[in-house]
Amino acid sequence: MHLSDPAKAVATAVPLLEVEDLVVEFRQRGRVVRAVNHVSLTLGQGETLGIVGESGSGKSVLCRSFLRLLPSPPAVVTASRISFNGQNLPDLTEDQMQAIRGTDISMVFQNPMGALNPVWPIGDQITEGEVVRGRLAPANRRKRAIELLTRVGIPAPELRVDEYPHQWSGGMVQRAVIAMAVAGAPKLILADEPTTALDVTIQNQILALLMELQAETGTALILVSHDLAVVAESCDRVAVMYAGRIMEIAPTDRIFVAPKHAYTLGLLGSIPRIEGGDQALEPIPGQPPNLADLPPGCPFAPRCRFASSACAGADMTLREVAPGHFSACIRANELGGVA
Amino acid sequence: MNVVSFIASRLLQMVPVLIGVSIVVFLAIHMVPGDPVELMMHGRATPEGLAAARAELGLDQPLLVQYWNFISGAVVGDLGTSIVQKAPVSEVVGERILPTVLLLVMSSIFAIALALPLAIVSARRADQPIDHAIRLGGMIGFAMPPFWIGIVVMLTFGIWLDWFPISGYGRTFWAHVYHLVLPSFTVALFLAPILLQSLRAAILDVMTADYIEVARAKGLSERRILVKHALRNALIPVTTILAVNIGWLLSGAVVVEYLFSFPGLGSLLVRAAGQRDYAVIQGLSVTFAVLVLVVNLIADLACMAIDKRVARA
């Protein structure tokens, strides 16, 4: 056990983001798909939280719901509280939300090749937010764009600032998108699978860039990924999502060493390891549940090798199983020896 | 590729197209029943007279020689002589090009002015009552025959309200524009629904693009996103659709030109066809082909101006 437990440090500081009982549903033609199911979480100033889970577990929807980016209809977002920097986001008007987007909270997206407008020069897109808000005189636009591109490590930015997205590689465009995200000096960056669409070598560069900028500016970061390795490298804490719920949330070093949820255990068992030798991968059997027809109790129970009859009626609130370590698994304490 | 060499290469590409068009037109006209010389003489000529007239017009020569005479003249701007009007075809056709081009330009401006705001409203309120109303209105406009729309427009704005002239062309440029309001509006009522539908679809398509969500996450207003980011991208496919339709309207505007007694290419074509004035028909067909190619070239240049990727392709 580390002495400098990040979870404890977070608990004492004033949180930047507090989400309480967030539910996101997509309602269309009488069908209700519950993508995020009673999620609560807290994020400290400057903290890095990883959110991992399979496709469709609600990670991206969760992030977009903070910024109110989900199209409504069909999305319906309800929450007791989404408190950011002392403001309750659901209480804000659309204009007030616009003022927060790109300044206090910005976002980096999964697919860099589609993230920039094909008919605009890249430099103009990076500085658009600041110009529109009157924080940057149009005359200084190019200079500012070059400055931002330099910060994210684009070589010869003065030559490339007027180019168009199709002239850049995916990794470079992702750097430009990150430049756009940090332009407004945000307190929180939501990075939705920022490395998934990139080559492995570029993935590490982009991740390193994000970490570097975060260290420089002290901004908090939520890093959404389905890649446990990415999260392990960079996050203070990790939340594991499944079928719209947070199953387990814990400091990174704990969650990989002593997972307290059967699903986390299953995820860890599905990672190929070089040192594993002839040890076979253990894929989790079955499919995630239909979000339009969720089973009662623990949504993972039908696929879980530790499931008992009690799981179908389980209370899915997170319980603290160790300091800063929360799990929704009712058999959390029995899992200790398995890892 | 820069703009000049792009235009040059496109102009070069027109040459084989025009040769193809001229062959098709030439053969088609010679296969149509009805001897132009007999029609010209109103059936009163002696066989000797007919033969003499044929010889004078070069119609007694083999087809290949006739085609060569036609094409070698066309290259230097000599499209032959109108049998009926006894005047050079280049002159007969030439004086009508500008009125028709003006009609097309004004029709396009009216159509865009109608379609653009409606498409924006329709796309922003997609599947709401206002969207359904606009699209239904568009369908009705599209389904109405242009001559009927023309008559209604004439009656309403020309006779009852007496705002605009219902026939003629005027003498000065502004008089032309003034005379062209009603015919252009009639054509626009037919053209606008096509643009409306494609623009609405293009806007809806672009609005689902990743960069629109990125723009939202940047904190831009919906209005700015639509105008600065969505519309420009949505205009790219619509520009091509507009060009194709203008090419098609060149002959489609015939009815409207006829209805408004307007001295354009369309009304000339109707008359020349009725009189078997084959030299004029040939000249017109080549003129139409050139105009269609030019309109498409302009559309490509417009796409280049909107989207820099096209310029490099």
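Predicted model: local features only at pLDDT ≥ 70, side-chain atom pairs only at ≥ 80, totals over all residues.

Helices (H or I, at least four residues) and strands (E, at least two) are taken here as DSSP runs, numbered from the N terminus. Most residues other than glycine have a negative phi, and most peptide bonds are trans.

**Cis peptide bonds**

- The bond that leads from S72(A) into P73(A) is cis, its omega lying near -10°, and P73(A) is placed in the loop of chain A that runs between α2 (59–66) and β4 (75–78).
- The peptide bond from P73(A) to P74(A) is also cis, with omega near 10°, and P74(A) likewise has its place in the loop between α2 and β4 of chain A.

**Positive phi in residues other than glycine**

- H38(A), a residue other than glycine, has a positive phi, near 50°, and belongs to strand β2 (residues 31–44) of chain A.
- A243(A), again a residue other than glycine, has a positive phi near 50°, and is found in the loop between β10 (237–242) and β11 (245–251) of chain A.

- Is H38(A) buried, exposed or partly exposed? Because 18 other C-beta atoms lie within 10 Å, H38(A) is partly exposed, given that a residue is buried if 20 or more such atoms lie within that distance and exposed if 12 or fewer do.
- A243(A) has 24 C-beta neighbours inside 10 Å and therefore counts as buried.

Methods
Residues numbered from 1 in each chain as written. Chains lettered and ligands numbered in written order.
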